[in-house]
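Hi everyone, thanks for coming. Let's take a look at today's protein together.

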Amino acid sequence: MPAGKAFVEWDSDIITMPPENVDVIAASENIIYTVTITTTPDEDPITFDAEYGDIITADDLAEFEEYEGYTFNGWTINGKPAVLPYTVVGKTGIKGDFTINTWDLYFWANADDAEPILKVEDVEYGAAIHTYTPVAPVKEGHKFRFWDMEPITMEDYDMHFTAVWKTEEYTVV
């Protein structure tokens, strides 16, 4: 059988050998292999069937290269750096190499301050922000209420949070 072909049957109805030579040809079909594409750890793998000799190109994989919160670094095929286009010759595993993005958090006592009271660098996308909140700031004549923390997980950009204050009221007697 040629590479990539599987035997199906003989193309003859002969049951017993006749007295002369007979040509019998094997019928074959292309072998079907499973291709699995794995992207980020939080995404389910994508599988599809491909025939022996099918070509996988960079364009075929382009739609899988963008995931919010991650930077795409390249592909591996069957554990080796991908060389595209790739010809399917067996079961194929394609894996995307992604790095989770990191961004900075800024906490401000007041929106118009020149410097934040705390800057946290390299916070991973999706991390819980409350684990980074600073001690409540102090402001004369005001009581700290909370940080304006919406959303509560790290987005795919630098984030800024400002203290929310309540003006203290005094009764003069």
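This is a predicted model: local features need pLDDT of at least 70, side-chain atom pairs count only at pLDDT 80 or more; totals for chains, interfaces and linings use all residues.

Residues are numbered from 1 along each chain as its sequence is written, and side-chain values use heavy atoms, with hydrogens and water left out.

The protein has 1 helix and 13 strands; these are DSSP runs numbered from the N terminus, H or I of at least four residues for helices and E of at least two for strands. Its radius of gyration is 32 Å, well over the 16 Å that the globule rule gives for 173 residues, so the protein is more spread out than a compact globule. That radius is taken over C-alpha atoms, and the rule is 2.2 Å times the number of residues to the power 0.38. Along the principal axes, the C-alpha atoms fill a box of roughly 130 × 30 × 20 Å.

Now, the sheet. Which order do its strands take? This open sheet of 4 strands runs β11-β10-β13-β12, with mixed pairing; two strands pair if DSSP finds at least two bridges between them. At the edges, β11 (118–124) and β12 (142–147) each pair on one side only. Further in, β10 (residues 102–108) and β13 (residues 159–167) pair in the parallel sense over 4 bridges, and W108 has T162 in β13 as its bridge partner.

Finally, is M1 buried or exposed? M1 counts as exposed because its relative accessibility is 55%, where exposed means over 50%, buried under 20% and partly exposed in between (1.4 Å probe, protein chains only). M1 lies in the segment before β1 (5–10).
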